[in-house]
Amino acid sequence: MDRECNVLEGMPAPRSRHFVDALDLSPEEYQQLFTLAEEIMADPAAFSSSCSGKLMATLFYEPSTRTRLSFEAAMLRLGGRVITVADPRTSSVAKGETLADTIRTVGGYADLIVLRHPKEGAAVLAALYSPVPLINGGDGAHEHPTQTLTDLCTILTYKGRLEGLTVATCGDLKYGRTVHSLIKALARYPGTRFILISPEELRLPEQVKEEVLALREDVELCGTTRMEEGLAEADVLYMTRIQKERFFNEEDYLRLRDFYVLTPERLRLARDDLIVMHPLPRVTEIVPEVDGDKRAVYFQQARLGMFVRMALIARLLGVA
Ligand code: NCD
C-alpha cells in the first residue's frame with residue numbers, strides 16, 4: 001500500500017510498498033505469495049540469485065529467533081545480503097535517536113527493512129519515514145503479519161484450503177500479536193469459525209473483534225475458557241505462549257502460565273485430521289510428548305516461514 005507522508009512537513013512521499021498490517025495484502029496477493037513460495041521450495045536453485053546486489057536490514061529491538069533468522073536465511077538464499085541490529089543497546093537507540101531518524105538513515109543504506117519493535121504502532125510510524133519497503137516483524141502486542149503469512153501457508157499446505165475452517169486459538173489472546181493478525185487475515189475467507197480459548201483476563205481485545213466483524217459481519221467468534229470445548233470441533237488448534245514480557249507483574253504471569261497445557265491425553269479429544277500449530281517459542285503450553293503426534297506441525301510451520309518470507313522479499317523488491 002502506498003503510504004503518503006507528505007502531511008509531515010519536509011518529508012518526501014515514499015513510493016515503496018510496505019507490509020505492516022496483515023490486511024495490507026489482499027487474499028489474492030496472499031495466494032500469489034503462497035504459489036511463489038511453493039515454486040521456490042520446488043526449485044530453490046532457480047531463485048538463488050534473484051536478490052543478488054540487494055541488501056536487507058533487520059532491526060530487531062525485541063528478542064527473536066525465528067523471525068529474524070528466517071528473514072536473514074531467506075535473503076541469503078535469494079542471493080542477497082543482510083545487515084542487522086539484533087540488540088538496541090548496540091545501536092544509536094541507546095543514545096536517544098528517534099525511530100524516524102533511524103529508519104530514514106537505514107533506508108539510505110538498504111533496499112528493504114524488517115523491523116521488530118516493542119511499541120504498538122511502531123511499524124506504521126516507521127513506514128511513514130521509510131524510503132524502501134518496510135516489513136513489520138512484530139510491533140508490541142499489536143500485529144505480526146509475516147507470522148500470519150507463515151500460518152496461512154501452513155494451513156493451506158496441511159488442510160488444502162483456507163475457507164470453511166474451524167480454528168481454535170488458545171492461550172494469550174490479549175497480548176499475542178500473532179493471533180491478532182491471524183484472525184484478521186483468516187476472517188476474510190468464507191465460513192471461518194473461531195473458537196477463542198483464553199483465561200478471562202487474556203481475552204481477545206474488543207478492538208480486534210470490531211476489526212474482524214467490520215471485515216465480515218457473519219464471522220463466528222465463540223469465546224470460552226475451557227480448552228476441551230474447542231478441541232473436539234477444531235480443524236486447526238493454534239496454541240500460543242502467555243506473553244510474559246507484556247505483563248505488569250510476575251505473580252499474574254505465574255498464575256496464568258500453565259492455564260492451558262496440551263498433552264497427548266487432551267489431544268485424544270481432537271479429530272484425527274486436526275493440525276496443531278504454534279508460532280513458537282513454546283514454554284509450557286505444549287508438552288514435548290505431543291511433538292511426535294502426526295498432527296503437530298509447528299516445526300514444519302517454522303520452516304515454511306522461511307520460504308514464504310523469500311516470496312515476500314522477492315515480491316516487495318520486484319524481482320519475482
Ligand atoms: C511470536 C512473536 O514474536 O510474537 N514469535 C514468532 O515470531 N514466531 C510468538 C511469541 O513470541 O510468543
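Thr263 lies in the loop between helix H9 (250–257) and helix H10 (264–267). Helices here are DSSP runs of H or I with at least four residues, strands are runs of E with at least two, and both are numbered from the N terminus. Thr263 has a relative accessibility of 17% and therefore counts as buried. Buried means under 20% relative accessible area, exposed means over 50%, and partly exposed lies in between (1.4 Å probe, protein chains only). Leaving aside neighbours within four places in sequence, Thr263 is in contact with Val287 and Val290. Contact means heavy atoms within 4.5 Å.

The model is predicted; local features need pLDDT of at least 70, side-chain atom pairs count only at pLDDT 80 or more, and totals for chains, interfaces and linings use all residues. Residues are numbered from 1 along each chain as its sequence is written, and side-chain values use heavy atoms, with hydrogens and water left out. The pLDDT is the predictor's confidence in each residue, from 0 to 100. Its mean over the protein is 94, and 95% of the residues reach 70 or more. Over residues 1–10, pLDDT stays under 50. For this stretch the model has 24 contacts beyond four places in sequence. Where pLDDT is low, the predicted coordinates should not be read in detail.

Two helix pairs were examined. Two packed helices are described by the angle between their axes and the distance between the axes. Axes are lines fitted to C-alpha atoms, for helices over the stretch in contact, and angles run from 0 to 180 degrees between N-to-C directions. The axes of H3 (residues 99–106) and H4 (residues 122–129) come within 9 Å and cross at roughly 50 degrees. H3 and H4 are therefore oblique to each other. Angles under 35 degrees count as roughly parallel, over 145 as roughly antiparallel, 65 to 115 as roughly perpendicular, and the rest as oblique. The crossing of H3 with H4 is right-handed. A crossing is right-handed if the near helix is turned clockwise from the far one by less than a right angle, and left-handed if anticlockwise. On the H3 side, Leu99, Ala100, Ile103 and Arg104 meet Ala122, Leu125, Ala126 and Tyr129 of H4. The residues of this contact divide into seven nonpolar, no polar and one charged. Ala, Val, Leu, Ile, Met, Phe, Trp, Tyr, Cys and Pro count as nonpolar, Asp, Glu, Lys and Arg as charged, and the others, Gly among them, as polar.

Helices H6 (residues 177–186) and H7 (residues 206–215) have axes that come within 9 Å and cross at roughly 15 degrees. H6 is therefore roughly parallel to H7. H6 passes H7 in a right-handed crossing. His180, Ile183 and Lys184 of H6 make the contact with Val208, Glu211, Val212 and Leu215 of H7. Its residues divide into four nonpolar, one polar and two charged.

Most residues other than glycine have a negative phi, and most peptide bonds are trans. The peptide bond from Leu280 to Pro281 is cis, with omega near 5 degrees. Phi of Leu280 is positive, near 65 degrees. Pro281 is placed in the loop between strand S9 (275–277) and helix H11 (298–316). Leu280 is in the loop between S9 and H11. At 11% relative accessibility, Leu280 counts as buried.

Lys159 lies in helix H5 (residues 145–159). At 13% relative accessibility, Lys159 also counts as buried. Not counting residues up to four places away in sequence, Lys159 touches Leu165, Asp235, Val236, Asp273, Leu274 and Ile275.
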